[in-house]
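Morning, everyone. I have one structure to go through today, so please look at it on the screen while I talk.

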Amino acid sequence: MSAAPKRLTMAELDRLCRRRQAAGAPMPAYAGPLERHVEEGDRRLLKLQYDDSAAALRLWSFLLTEEERLHAARAAGRKIVGTMKDLGTVPVMAYALPNVVAFYPDGAWWTPCVMELSEGLFGVAQSLGLGDAFCPVRAMAGAFVNRAHFPIPDLLTCSVGATCDDFSAVAQRLESLGFPILWWEMPSRRLPDPGEPAVTLPGGFRAPESQVALVRSELDRIRAALAELAGAPLGDDELAAGIREANRVRGLLGDLRRLAYTADPCPMPALEMLIAEMLAIHFCSDRAESVAVLAELLAEVRRRIDKGRGVLPEGAARLFWVNPVADLRVMNLLDDCGARLCGTEFLFCHALDAIPEDLPPMEALARMALADPMVGPAADRAARVVRDARAFGAEAVVVSRIPGASHCALEGAVIGRMVREAIGLPVVELEVPPMADPMWPTLKTRLEALVETVIERRKR
Amino acid sequence: MRTVVYSSPFVPAEWLAAHGLRPVRLRPGAGAPAESLGPIMGMCPYARAFVGEAASMPGVDGVVLTTTCDQMRRAAEWLALGGGPPVFLMNVPATWQTPAAARLYRDELQRMGRFLVGLGGAPPSRDGLAETVEAYDARRAALRGALGALGPRGASEAVARFDAGEEAHDAALRDLGRGGSPDPPRLNRTRGAQDAGGAAGQETCRARALSRAVPLALVGGPLRRDDVRLFDAIERAGGLVVLDGTESGARTLPAPFDRRRLRDDPLLELVDAYFGAIPDIFRRPDTALHQWLGRELAASSARGIILWRNVWCDLWAASVGRLRETTGLPVLDLDVSGEDAGFGRTGDRIQAFMEMLR
């Protein structure tokens, strides 16, 4: 592509896609115009702006065909594991088995946004007693009950303990409806006491060895359940191979994030980066393909940087974003307001860090699981935000609150305070509902004000 | 004596006492100290009130909070950042079906012990711990025996006094448990108006009214100090709480101790009596809570359930639908924010619920 990269509407992207198809450009079987997904109800796609690269089209097609992949896996006799809440650990174990596919039913939290509430998942959740006071993840309960989205998993696991109450409550409600769950304990990560044996976790947090041992024993229960489900042993060799493959994904993402969040002009829009990061947690139900998708995206970013081209104007305000947005369109808004993404903490930085390969696999996985930013103090998470914001050269931090989420009220306050104290960056807290349209003027004004503040600060 | 305040029923008072410290399970008030602490939007009003009071209360040497809910877990961090008394966050596992979970609870008690020593406490000997536990067990047995004779509000207040470490009423509780006559002014009533002249006549009227009242179960989260008004509001509306299943009621008392095993391993007995026995909403799965509810509701002949929950408490909020399904009883989902100072809205909702039940 010789023209400067730009963002397109869905109709423009689909025209481009058809031209590529007509020209015989190589494309995976699942790739194609996004219009077909709109016909199935994904109406939000009509309102989004997309990167115009073949790599981004592949990314979107990969994302939007996940349910088809899961149903195909079921039809092919593969076992399906629904892994809830841990965001990045159990899938690494599940994909180490040849006939197992794992996915996060939690991902249904985006369905009401993508389908612009036409799917009725919140209504079903409401009928189960899970109303607006809950985080949008309540959509997951609706998806289990109406069975109109993902196939019902053969095994459901859920980490509990130091997790959000919303999730724990919604999962318990699911179990009461007849969906058995294998609960496993995730302790509240704490700093080691003086003299207590401790380890450094991937990503840099510290934790007592005793907590790692507990998580390891809990993951052993998961390992046994997975092996029983698969009818095949899940030994250390298989796990080590699974970890290496997971690290390939993480490595690609690491390179992609480093380049996309630091190059100027910005080579990849915020929305595509959000989607790309999501691939880390469960590989969008196809680990090998997620490697290929990310590799193509990374190659595109490298090409653009080599040519000095970006998809956004040079000098855009560099924002670090905390928490995923329930409405994907808000990522577009960020770009529209004269900003660009410059680092993220979407609740799963532990799924982005490399899993140690020089440790026994279960020990490595336990350390990785315990590095989950959500299971420790908000101060830990804030420290990670500070470190990454500094590394990526962020000029401001946006804490995007998730409506109803039990962790957001106090966590946002702690993160905001620590960021201001440690690196003196302006911090804005926003609340983003699954359909942010009614709040659009407010969100836009607040982001624009933040961008103006950043630009003004550059003059000092 | 140094004072340690705590909130969760999973913190054993006798463990603190055995370290030579004064345990106080704090029921926060609705007062002003909380207002300056923590964000309002999204934060549980109970957690906010607790943090506010623990931080501003004179004579508090340490605070113990637990991980039994996300809000309290995070409130512990908020409290620690505020520069108040030292805070210990106790990891109480949500799962309970594995030996590892019970082991974690035990380890956390031992870790808490080191925190208590840091506050000036002394590690208890095995015999010393056993004696302290026995003493608490005896007091708790007297409390249990007396609750039925106290009336719903009186029972809730008696539990609160026990939790606050007040021993002045122990003798009266023992008498009451043995069938002695209650001492209404001290045990059953706290409001001056009810101690005034004509109280006997009022009591007769009240007894008649209560005999016609609709029996109700009150289940849910913790009550603040002022929330005992709830029992009065229910009675005024024509109901009577025959089962207090709130976190502040008898549901969360630990199981009686086995004296023989207590002498062998008192810490293990603490684990069994608390972690192994208290049914609560945060446990996964929450089977024990629903078994307890099924059993107690059947025994109480309650005709309706009032679910008392603090706004933003997801754990109790998600139980409303299930309670309706499993009990078949009408459920009033009473969400409280602590801002209904006059209890007007709450009272109106109870009134409407009672009208529906009658």
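First, a definition: two residues are in contact if their C-beta atoms, placed from the backbone, lie within 7 Å. Also keep in mind that this is a predicted model.

I will start with chain A. It is divided into domain 1, residues 66-235, and domain 2, residues 238-458. The C-alpha centres of these two domains of chain A lie 21 Å apart. How many residues of domain 1 of chain A are in contact with domain 2 of chain A? The count is 51 residues of domain 1, and they meet 49 residues of domain 2. On the domain 1 side, the elements of chain A that give two or more residues include α4 (66-75), β4 (100-103) and α10 (209-230).

Next, where the chains meet. On chain B, 35 residues are in contact with 39 residues of chain A. Four helices of chain B each supply at least two residues to this side: α3 (70-81), α4 (99-118), α14 (314-317) and α15 (319-327). Which of them gives the largest share? That is α3(B), with eight residues. The side of chain B that touches chain A has 19 nonpolar, seven polar and nine charged residues.

Now chain B by itself. Its secondary structure comes to 16 helices and eight strands. Of its 358 residues, 49% are buried. If we take the contacts in chain B between residues at least 6 apart in sequence, 72% of them join residues at least 24 apart.

One helix of chain B to look at is α12, residues 266-274. Seven of its nine residues are buried, so this helix is mostly covered. Among the buried ones in α12(B) are B:L267, B:L270 and B:Y274. What do the buried residues of α12(B) pack against? They pack against α1 (13-18), α4, α5 (126-150) and α11 (259-264) of chain B.

Last, a single residue. B:P28 lies in the loop between β2 (22-25) and α2 (45-56) of chain B. Is B:P28 buried or exposed? A residue is buried if 20 or more other C-beta atoms lie within 10 Å of its own. B:P28 has 26 C-beta neighbours inside 10 Å, so it counts as buried. B:P28 and B:V51 are 23 residues apart in sequence, and their C-alpha atoms are 8.7 Å apart in space.

That is the end of my part.

Methods: Residues numbered from 1 in each chain as written. Chains lettered and ligands numbered in written order. Predicted model: local features only at pLDDT ≥ 70, side-chain atom pairs only at ≥ 80, totals over all residues. Buried ≥ 20, exposed ≤ 12 C-beta atoms within 10 Å, placed from the backbone. Nonpolar A, V, L, I, M, F, W, Y, C, P; charged D, E, K, R; others polar. Domains from an automatic or database assignment.
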